[in-house]
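Welcome, and please take a moment with the sequence and the model shown just below.

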Amino acid sequence: MLAIRGKQSLLNHWYTEKRNVKEDFKRFFGEEIDSIDVVALMSDTDNSKLSEQALYGDIYFTAE
């Protein structure tokens with residue numbers, strides 16, 4: 001898992017994120033990959049024991 005935002009993030013604010021999933025995988029696991037089967041997006045409160053609500057907009061992948 002990779003945490004992109006934390007408690008310092010603004011509430012009621014849309015964020016745009018851009019990640020190089022292939023590079024993230026290499027950085028964390030030390031392996032080169034050619035394809036990705038699954039990407040999971042999650043919002044949770046396991047550590048804070050609070051409640052949350054998250055809305056996700058359009059998600060897409062590009063060759064860049």
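## A first look

Asparagine 12 is exposed, with a relative accessible area of 85% (exposed means over 50% relative accessible area, buried under 20%, and partly exposed in between, using a 1.4 Å probe and protein chains only). What you see is a predicted model, in which local features need pLDDT of at least 70 and side-chain atom pairs count only at pLDDT 80 or more, while totals for chains, interfaces and linings use all residues. Residues are numbered from 1 along each chain as its sequence is written, and side-chain values use heavy atoms, with hydrogens and water left out.

**Asparagine 12**

- Asparagine 12 belongs to the segment before α1 (helices are DSSP runs of H or I with at least four residues, strands are runs of E with at least two, and both are numbered from the N terminus).
- The phi of asparagine 12 is near 55°, a positive value in a residue other than glycine.
- For background, most residues other than glycine have a negative phi.
- From the C-alpha atom of asparagine 12 to that of phenylalanine 28 the separation is 31 Å, and the two residues are 16 apart along the chain.

**Helix α1 and its two ends**

- Helix α1 covers residues 21-29, and at its start a side-chain oxygen of asparagine 20 comes within 3.3 Å of the backbone nitrogen of lysine 22.
- After α1 comes glycine 30, which has a positive phi near 70°.
- Phenylalanine 28 sits in helix α1, where it is partly exposed at a relative accessible area of 44%.

**Aromatic rings**

- How many aromatic pairs does the structure hold? There is 1 aromatic pair (rings of Phe, Tyr and Trp, the last by its six-membered ring, pair if their centres lie within 6.5 Å; planes under 30 degrees apart count as stacked, over 60 as edge-to-face and the rest as tilted).
- The partners are phenylalanine 25 and phenylalanine 29, in a tilted arrangement with 4.8 Å centre to centre and 45° between the planes.
- Because phenylalanine 25 and phenylalanine 29 are 4 residues apart in helix α1, about one helical turn separates them.
- Phenylalanine 25 is partly exposed, at 29% relative accessible area, whereas phenylalanine 29 is exposed, at 56%.

**Arginine 5 and its partners**

- Arginine 5 lies over the face of tyrosine 15, at 3.6 Å from the ring centre (a charge sits over a ring if NZ of Lys or CZ of Arg is within 6 Å of the ring centre and within 35 degrees of the ring normal).
- Arginine 5 also meets glutamate 17 in a salt bridge between their side chains, at 2.8 Å from N to O (a salt bridge is a side-chain nitrogen of Lys or Arg within 4 Å of a carboxyl oxygen of Asp or Glu).
- Both arginine 5 and glutamate 17 lie in the segment before α1, so the pair ties together parts that are 12 residues apart in sequence.
- Arginine 5 is partly exposed at 42% relative accessible area, and glutamate 17 is partly exposed at 40%.

**The salt bridges around aspartate 24**

- The structure holds 4 salt bridges. As a general point, side chains of opposite charge can pair when their charged atoms come close.
- Which residues are linked in a network of salt bridges? They are Arg19, Asp24 and Arg27.
- Aspartate 24 is in helix α1, and is buried at 12% relative accessible area.
- The salt bridge of aspartate 24 with arginine 19 spans 2.8 Å from N to O, and arginine 19 is partly exposed at 39%.
- In the salt bridge of aspartate 24 with arginine 27, the closest N and O atoms are 4.0 Å apart.
- Aspartate 24 and arginine 27 are about one helical turn apart, because 3 residues separate them in helix α1.
- Arginine 27 is exposed, at 55% relative accessibility.

**A nonpolar surface patch**

- Ile36, Val39, Leu41, Tyr56, Ile59 and Phe61 make up a nonpolar patch on the surface, with about 600 Å² of accessible area together.
- Patches are made of residues with over 30% relative accessible area and no salt bridge, with like charges joined within 9 Å and nonpolar side chains (Val, Leu, Ile, Met, Phe, Trp, Tyr) within 5 Å.
- Accessible areas come from the Shrake-Rupley method with a 1.4 Å probe, and for residues only the protein chains shown count as cover.
- Isoleucine 59 is found in the segment after α1, and is exposed at 52% relative accessible area.

Conventions
A polar contact is a pair of N or O atoms within 3.5 Å; within protein, one must be able to donate a hydrogen and the other to accept it, and residues adjacent in sequence count only if both atoms are side-chain atoms.
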